[in-house]
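Hi everyone, thanks for coming.

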Amino acid sequence: MTSQELWSLALGRLDVDALDFLKAFYAPSENDDILSGAAWVVILGAVTVVALLTIFRAWRPLFRDWLTSVDHKKIGVMYIVLAMVMLVRGVLEGVVMRAQQADGLTGGFLSANHFGQLFSTHGTIMVLFMAMPFLTGLINIVVPLQIGARDVSFPMLNSVSLGFTTAGAALIMISLVIGEFSTGGWTAYPPYTGRVFQPGVGPDYWLWAVILSGVGSTLTGINFVVTIYKERAPGMGFMQMPMFTWTALCTAIMMIFAMPAVTVSSAMLVLDRYLGFHFFTNDLGGNMMNYANIFWLFGHPEVYILVLPAFGVYSEVASTFSGKRLYGYGSLVAATMVIALLSFTVWLHHFFTMGQSADVNAAFGIATMLIGVPTGVKIYDWMATLFRGRIRFTVPVIYLLAFMMLFVLGGLTGILLANPAVDFQVHNTLFLVAHFHNMLIPGVLFGLFAGYTYWFPKIFGFRLNEVWGRIAAFNWIAGFMLAFFPLYVVGAMGMTRRTMAYAEPAFQIWFHIAGVGAALLTAGLASLCVQLWVSIRNREQTRDIGGDPWDGRTLEWATPSPVPEYNFAVIPRVHSREAFASAKAAGAGYPEPASYADIDLPGPTWTGLVMAIFGTTLGFGLIWYMWWLAALSFAVIAVTLIGRAIRGDRHPRVIPAAEVAAEHRAWLARIRALPAAPRTQERSPANRGMAAPEYRDLRP
Amino acid sequence: MSDIAQTGFSFDATPTMHNDDPGKAISGFWLFMMSDLIIFSLFFATYATMLTPMSIAGGPGPKDILELRSAAFETGALLTSTFTFGLASLAIAHGRGRAQAMGWLLVTLALGLVFLGLEGREFARLLDIGAVPQRSGYLSALWGLVPLHGLHVTAGVIWLTILLVQMGTQGVTGRVRAGAARLALFWHFLDLIWIGIFSVVYLGGLA
């Protein structure tokens with residue numbers, strides 16, 4: 001065997017040229033400096049994390065308390081940490097693209113290939129590895145608390161889902177250091193992503209990252225649906241569920257039905273690329289229209305998977321911070337269900353120009369416009385909730401107000417695009433890019449930030465800094481408007497999307513404005529980091545001892561902050577919607593149970609961690625043709641899962657009733673000693689998480 | 001507690017323990033099968049769209065390569081196996097003893113292996129006559145759909161083997177019973193999918 005053969009047996013198609021972080025040394029250019037710089041950021045970031053963990057001797061607590069934990073709150077926090085890391089990369093990539101296009105009249109500073117990788121990773125990350133983990137994290141943290149449950153139905157599976165999602169994200173990070181990413185956009189349309197046009201590793205990184213995280217999201221969906229069906233506290237019917245739980249339910253159902261579609265389109269593309277099948281090739285009867293159809297059967301429901309939980313957050317924020325019962329609960333539930341249903345009937349509007357008949361386009365155009373109706377219902381419900389409420393101008397409310405105005409604008413441009421005749425004019429232009437950023441940033445991202453701010457004290461026991469929260473919010477809002485409104489203009493003028501340079505001088509000024517917006521968005525991102533730092537430093541001033549810093553209305557606020565791992569000392573019996581608000585109004589917000597019982601909790605497990613590590617190596621082996629690594633990783637994953645299935649949970653724990661009683665009584669005693677804070681002092685250090693009784697809406 | 005609706009929530013005098021509803025796992029498994037059904041439907045839809053002359057691309061079409069004989073035997077084996085699994089489920093449900101349940105499960109396993117053997121022989125024949133997936137879009141769709149079902153049956157066979165080992169060593173415990181209930185669902189589900197494949201690919205293709 002020659003050394004060449006040995007090399008390819010061990011390392012597949014990996015060679016020194018694939019190492020991006022060395023490029024700046026042997027082929028220096030502005031483009032490669034950026035490429036290598038990004039790779040070095042990833043490497044140094046990883047080294048820094050390892051060093052910090054070692055210095056602070058945090059390895060053991062990290063494994064014991066977090067990575068092997070099946071506590072839904074910790075898994076939720078880990079999801080959100082993952083989302084935040086990916087958010088940083090996604091935003092910075094967007095900023096580099098804005099800078100490139102601001103300089104685009106003279107050609108800019110990036111190579112076309114690099115620009116292609118940027119928009120591909122940016123889209124993939126923001127949808128699948130930022131928004132998805134963020135909302136999955138929020139649902140994980142909040143839903144079991146809102147429905148009065150101990151945990152999700154399948155805690156181990158929850159950890160496995162996180163493992164697969166992390167593996168997908170890890171592959172995308174690795175692509176920055178070793179090899180390159182696809183240049184085929186986040187949708188990865190073949191035949192361009194087929195092996196004829198991109199024989200390298202780029203599309204394979206995309207494929208395996210998407211497949212791994214897709215499996216994770218499908219399992220998550222199953223877990224949430226069963227949790228919401230089966231774990232609700234006694235007495236809580238479907239129409240007593242908090243609105244966020246309703247949106248979580250619809251999102252989870254959509255995950256179960258939508259994620260398999262992207263698994264199928266990706267699996268078919270894998271067969272095309274690896275085994276020479278002809279699902280989507282140009283020659284021998286491949287049909288790339290099938291890809292567009294199957295992908296968007298996932299892709300369109302996906303945007304509602306993202307936005308529905310954000311709608312749920314806005315519903316909670318609107319009623320809590322105006323001190324009013326949520327207006328039009330029934331209509332909000334119906335609207336959520338209708339949106340979930342309609343979202344599966346509009347996928348074709350993503351390719352009106354593909355050549356199907358005008359009648360088909362008209363049918364899908366009408367279905368698309370119909371979605372505006374339930375969405376409009378929701379906007380009116382939120383406005384009516386705020387109407388004559390005692391609104392407090394907190395950070396979540398700022399995001400809510402910005403959302404309501406900007407989202408309506410984005411929705412209107414969506415109605416324009418839903419008309420096939422208009423769509424033909426602006427298809428694949430920056431007008432479309434402006435439209436979906438206008439939906440996803442105010443709609444999803446602001447909602448996630450609002451939820452992050454709103455529920456942060458519940459998990460960590462102190463509130464986030466208000467001043468830096470506002471600075472961040474205003475930077476995000478103004479930055480969004482400056483960065484994306486100009487794109488409507490250049491898009492309508494005919495500038496195509498995914499284009500790095502242009503020859504039309506009239507475009508330039510708009511890209512300069514968008515560049516300023518991008519700078520503000522960067523400032524927003526930095527402000528979020530500063531906010532977290534300042535909040536941790538000043539946590540004694542914002543301590544949430546009582547567990548109810550916002551005069552909350554739903555069950556999660558009836559627990560201590562931070563929430564004990566068993567959530568509720570005793571599972572409550574629910575008598576009404578917005579149960580905690582009614583209880584407080586009746587002066588019975590903190591009842592003491594007559595008796596306590598032992599609590600069974602699932603034990604920690606390594607299964608999720610094994611999925612994360614060997615999921616990553618499985619993907620890596622498949623991408624680089626290291627077949628031994630792929631086979632080994634697959635075997636480890638299979639044996640681990642089968643072993644767990646056979647042996648079950650070997651370390652279940654029981655928390656004795658006496659211990660639960662002692663902790664709960666101590667908390668009740670602390671609460672009784674707390675001064676109750678009126679809403680006027682909500683943002684001051686006087687707010688210790690105990691809400692003073694105020695005007696409450698008592699109408700049934 | 002004059003008006004119970006206004007108290008929002010309360011604690012029962014004797015609190016509920018952890019929710020150990022065995023229905024949870026079955027519900028979750030139903031949902032998993034629904035998502036799996038989406039995967040199969042999309043492969044079916046792709047197969048249907050690739051029956052066109054464009055996708056056959058001058059290569060062999062269904063009439064040139066498919067044979068009803070082998071598929072009929074495969075169908076017979078799989079349909080019988082779903083019946084014998086049903087008998088095993090009845091034996092478990094009515095407490096007819098471990099031997100009877102394991103006996104029927106062993107017959108099911110054998111029939112599953114017969115199915116896989118026949119299907120493997122069919123695949124080998126297709127490869128032999130040059131009906132390889134690399135030849136055309138139509139053949140890609142065929143090789144996407146039918147082996148996907150075969151892979152599922154393989155997973156079912158592995159699962160059934162593990163279940164038999166568990167049953168042999170631990171007896172018919174609650175855990176084994178729950179596993180058998182889920183596997184039964186899976187097995188019957190695969191049978192339904194096969195009826196789809198037999199109708200669409202074989203009967204439809206040869207009609």
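Let me start with a term: a nonpolar core is a set of buried Ala, Val, Leu, Ile, Met, Phe, Trp, Tyr and Cys residues joined through C-beta atoms within 7 Å. And buried means that 20 or more other C-beta atoms lie within 10 Å of a residue's own; 12 or fewer makes it exposed, anything in between is partly exposed, and the C-beta atoms are placed from the backbone.

What you see is a predicted model, where local features need pLDDT of at least 70 and side-chain atom pairs count only at pLDDT 80 or more, while totals for chains, interfaces and linings use all residues. Residues are numbered from 1 along each chain as its sequence is written, and chains are lettered from A and ligands numbered from 1 in the order in which they are written.

Okay, the core. The largest one has 255 residues, and Val225(A), Tyr314(A) and Tyr399(A) touch the most other members. Helix H9 of chain A, residues 243-275, gives the most to this core, 20 residues. Helices here are DSSP runs of H or I with at least four residues, strands are runs of E with at least two, and both are numbered from the N terminus. Domain 1 (25-57) and domain 2 (58-605 + 649-681) of chain A both contribute residues, so the core lies between them; those bounds come from an automatic or database domain assignment.

Which residues does Tyr399(A) touch, beyond its neighbours within four places in sequence? They are Phe446(A), Phe449(A), Ala450(A) and Ala473(A), where contact means C-beta atoms, placed from the backbone, within 7 Å.

One more spot in chain A: Ala691(A), in the segment after helix H21 (657-673). Ala691(A) is buried, with 23 other C-beta atoms within 10 Å. Leaving out residues up to four places away in sequence, Ala691(A) touches Asp548(A), Asp551(A), Ala676(A) and Ala677(A). Lys584(A) is 107 residues from Ala691(A) in sequence, yet 9.1 Å away in space, C-alpha to C-alpha.

Now, where do the chains meet? The contact takes 57 residues from chain A and 47 residues from chain B. On the chain A side, the largest share, nine residues, comes from H9(A).

Over to chain B, which has seven helices and one strand, running β-α-α-α-α-α-α-α along the sequence. Its radius of gyration is 23 Å, well over the 17 Å that the globule rule gives for 207 residues, so chain B is more spread out than a compact globule. That radius is taken over C-alpha atoms, and the rule is 2.2 Å times the number of residues to the power 0.38. Buried residues make up 36% of chain B.

Last stop, helix H5 of chain B, residues 98-128. H5(B) has 31 residues and reaches 44 Å from first C-alpha to last, close to the 45 Å expected, that is, 1.5 Å times one less than the number of residues. Its buried residues include Trp104(B), Gly112(B) and Glu119(B), and their cover includes helices H3 (62-65), H4 (68-93) and H6 (137-170) of chain B. After H5(B) comes Gly130(B), with a positive phi near 85°.

Key:
Contact = placed C-beta atoms within 7 Å.
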